[in-house]
Amino acid sequence: MNFTKTESLPAADQKRFNMIVNAYERKLYKKGLKWVDQLIKKYHDYADAISMRGLIIHCMGKKEEGYTAAKGALKIGLSSHICWHVLGLMHRSDKNYVEAMKCYKMALRLSPENQQILRDLCLLQTHIRDLDGLKATRHIILASKPSQRVSWVGLAIAYHLLGKHDVAVQTLQAYEDNDKPASTDVTTYDRDGWPKALDFEKSEMLMYKVQLLEEGGRIPEAIACLDKNKALISDLRAWKEQRGALLLKQGNRAEAEDIFRGLFDENPNNRNYLTTLESCVDPAGVQTGAPLDESTELRRLAFYDELAAKYPRSNILQRLQLNFATGDRFQSRVDAYLQRRIRKGVPTLFTDIRSLYADPAKVAVFDKLIPAYVASLTASQTFPGSSAKETSDVVLWAKFLAAMHDDKLGRTESALKHLEDGIAHTPTLIELYTAKGRVLKHAGDYPAAALALETARDLDTADRYLNGKCAKYQLRAGRITDASATVKFFLKENEEPVEKLAEMQCMWFETERGKAFAQQGDIGRALKQFYLVDKQYNDIHEDQFDFHSYCLRKMTLRSYIKLIRYEDTVRGHKFFFRAATEAIRLYLALHDKPLNAAAEAVLGDSAEDKERKKALSKQRRAQQKAQAAAPTEKPASKDASGKDKKEDKDADGASYLQSTTLLEDVMTFVRPLQQHATQHIETHLLAFEVYFRKNKPLLMLQSLKRAQRIDANNADLHKAIVQFALRVAANGATYQPTVSTVINQALPELLNKQTPKQFVEAYKPATLLQVLRNAEARLLVDPASKSQAIKLVVDAASKASDATIETFSTVQNALATTFGDKASATVVADLARKQYPRATLWK
Amino acid sequence: MADEHDENEAGAAENAQPAQAAHHDAGKADMDKVTDFAEEKEMAQSTDLNQTMKLLTEQHKRDVEERAVRDRALAAVSVKAEDVQLIVTELEVSTQKAEQTLREQNGDLAAALAVLAN
């Protein structure tokens, strides 16, 4: 029998088909599969059943088979909306959104009012942010099912995302006016003590409406809505916070102040309440950045003191004052703050006050107070100027604080001495060893730092934080296999560290591992790690899909909007930034010096080439080692769920290295940064480097302009501008005329209306890195000025008292390679060694 | 009914092992069971609702028309295919965006380039 359309089946079989669909929706795949197989046995060419079968086996994991079945079914039943719908669902779950959209639209054409298809189409449109399409689909749904709440709410969300707040409010209002709840009596309570009329979903919808009104700028109406519906709101804290914020926005500071005083009373450690309360009371005093004049400072301190008297145990009241207090007032307050916490033995004290070290005046105060504590406590077990005896462990915490203080100011030996004293006093205090590791890390001695962390870890093997930190330090020291072994302590028998931590989305591990491989020259493995991080972000972005339907059903609309907005810029997060910038640098290095046999053949005998050859052979050795290790690894096995374990065919990342489109591959990392991390100058500088090699003058211009807007004096930007100007001068004739016009219009702005030569002369470098980049730029402009440029760099290096290890290393490498002057490179290395005697880089 | 029982047993056996799995996996099995299937609440229709719906649908129609008018205006601008191609190559944007920008700048290539290279 040949039936292609469900509608033409006998009733019993039709019912059975609906049950199959039901089973799919409820994820009862085995049952569904059994029934659909029975149905297909009865009707061989039943297109709908074949496609459903494909869908079910696709969901069970057999994707290839699923697609074959569905496409086969489509051939039989080209006009069956079910077949198209099924194919759309499969594409969607495999993230082929364009294909899925096409399938849904076909299905919709065949069955225009099908609620299922419309709903799935909405989810897809929300997911890919096709907001206009979403609005249109929501209108269709509303027209066909005006009695369902979700139709109205869905439409409101669509308008909200489009920025049309007023229409969204109108939509919600229509539903609200029509919704007759079972009871409005708020005086009878249920068993848990909530009023019976309180309905969480209604409460959330009302709070969402208030949010819409606020975002639409209709503040008085928002306040009125809050007031009218207080009895129906279950999230009272949010109600209060929202009302206070709205009143403040409206300018009604007195009422807002009352509310925030009340909220602060409920939670005297909430920073948000405190700062908002202060802006209610004293809006002029609350500024950021610029130092305050004395009267404002006194006024603010009085405000804080008044509250502190009322809430003596509030940490934040005491801490925030330190941010703007100055002079003796600062000293007396920070003295009390520190003494109290040293006495208590708060390990995170330094982390707490660290942000104050940005102010040199405050650093001087710390440098006065902290050594005094140590001296006084060591000598007489009392704090300076007091005769009360402290307990014997207080001196330990004072030394601990002194060590971190010295480390911050670069006094490595002094810091280590304090920590050694501490360890002699109490060898079992773990914080001493982690601090020692940190100090050694700052001093550039990564192997010793890792050893310190291992000692710390051994003192408490059940502490997962220590375990992770130990692994990180081992990675920094280049001990990659040791780090994996360390992490394995917290995994199960059969779990592999790299795989399991990727599953747990542990990005620091992947990034640090990538950096460690890069340091060893194993670019393939390094890139692989950074791609893993990219994958995590992909997964995080994809995770939002289920919430499009779930949140609308559960009415958690405020959280839903928050989620949407978060997911829109998820790759702006600093973890992605870190991994992406590293990956881009690797790609640039790979492009400049390709690691392959052909390149090696071209290399000559110069010292630099010898280094290249060494790196290449190292790479090859690493590859061989990996291949040798491969046979001893576990054979492809089935894991717990019965799915085939994927063999990692590209363990050493060779496929990344062998790619012929490196500058296109790198765009995977560049584009998200350009979209979501535009506030970091590094984004634009790295983008420039990529476009420089791709030879795209307009994109180079774009990156430079954006970078200049952030920090015109940046060292790398300075050099990049000169590179750009010289490139334009050299290649300008080959550009399309309009392109040339645009560039020539914009170039003077970049060069401060000077010629490249004047530009490099006029630059006033303040840091060592700026001197270096300026020197490199001078070399580009006038190769004959090399020796002068080198002299500038070496002079600056000898005077640089606060250059970091990284800067010295960069300078050393630049002198050796760009300037080709090994002697000066050695001079700089000696200077660096003098400043950082413990750094392994120069030992 | 018998086959349901069998399936439940098989499911239980499968679940026993993961149940002893690491704590951080505890919610995974439950999460996998969450489905999209739900019964939707219905409410009574009324004339007010219908009225608002009419308003909204009309608003929507007006939006669509406005958009169409704008698109027609933009489409009326003449743009050269080679200009679009240049923008796509030099600024690495999609053909759609290149064309859109060019139309918005009245076909002025230099203006379009300046806008996109900002």
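## Contacts in chain B

Two residues are in contact when they have heavy atoms within 4.5 Å of each other. With that in mind, welcome to this predicted model. In chain B, 38% of the contacts with a separation of 6 or more are between residues 24 or more positions apart.

Chain B contains six helices and zero strands, and along the sequence its pattern reads α-α-α-α-α-α. Of the 118 residues in chain B, 23% are buried. One of its helices is α5(B), residues 95-104, where the buried residues are B:Ala98, B:Thr101, B:Leu102 and B:Arg103. After α5(B) comes B:Asn106, with a positive phi near 60 degrees.

## Two packed helices in chain A

Let us turn to chain A. Two packed helices are described by the angle between their axes and the distance between the axes. Helix α5(A) covers residues 81-93 and helix α6(A) covers residues 97-110; they pack at an angle of about 160 degrees, and their axes are 8 Å apart. An angle over 145 degrees counts as roughly antiparallel, and α5(A) and α6(A) are therefore roughly antiparallel to each other. The crossing in which α5(A) passes α6(A) is left-handed.

Which residues in α5(A) meet α6(A)? From α5(A) come A:His81, A:Trp84, A:His85, A:Leu87, A:Gly88, A:Leu89, A:His91 and A:Arg92. From α6(A), the partners are A:Tyr97, A:Glu99, A:Ala100, A:Cys103, A:Tyr104, A:Met106, A:Ala107 and A:Leu110. Sorted by class, this contact of α5(A) with α6(A) has 10 nonpolar, four polar and two charged residues.

## An enclosed helix

Is α11(A) largely enclosed or open? Of its 16 residues, 14 are buried, so α11(A) is largely enclosed by the rest of the structure. Just after this helix, A:Gly217 takes a positive phi of about 85 degrees.

## A buried histidine

A:His548 sits in helix α30(A), which spans residues 545-554. Buried means under 20% relative accessible area, and A:His548, at 2% relative accessibility, therefore counts as buried.

What does A:His548 touch, leaving aside residues up to four places away in sequence? Its contacts are A:Leu123, A:Thr126, A:His127, A:Arg129, A:Tyr560 and A:Ile564. For a sense of distance, A:His548 and A:Val793 are 245 residues apart in sequence, and their C-alpha atoms are 57 Å apart in space.

## Positive phi in two loops

Most residues other than glycine have a negative phi. A:Gln381 is a residue other than glycine with a positive phi, near 55 degrees. You can find A:Gln381 in the loop between α20 (360-380) and α21 (394-408) of chain A. With a relative accessible area of 29%, A:Gln381 is partly exposed.

A:Asn695 is a residue other than glycine that has a positive phi too, near 65 degrees. The loop that holds A:Asn695 runs between α38 (681-694) and α39 (697-710) of chain A. Is A:Asn695 buried or partly exposed? At 35% relative accessibility, A:Asn695 counts as partly exposed.

Definitions and conventions
Residues are numbered from 1 along each chain as its sequence is written. Chains are lettered from A and ligands numbered from 1 in the order in which they are written. This is a predicted model: local features need pLDDT of at least 70, side-chain atom pairs count only at pLDDT 80 or more; totals for chains, interfaces and linings use all residues. Side-chain values use heavy atoms; hydrogens and water are left out. Axes are lines fitted to C-alpha atoms, for helices over the stretch in contact, and angles run from 0 to 180 degrees between N-to-C directions. Helices (H or I, at least four residues) and strands (E, at least two) are DSSP runs, numbered from the N terminus. Angles under 35 degrees count as roughly parallel, over 145 as roughly antiparallel, 65 to 115 as roughly perpendicular and the rest as oblique. A crossing is left-handed if the near helix is turned anticlockwise from the far one by less than a right angle, and right-handed if clockwise. Ala, Val, Leu, Ile, Met, Phe, Trp, Tyr, Cys and Pro count as nonpolar, Asp, Glu, Lys and Arg as charged, and the others, Gly among them, as polar. Buried means under 20% relative accessible area, exposed over 50%, partly exposed in between (1.4 Å probe, protein chains only).
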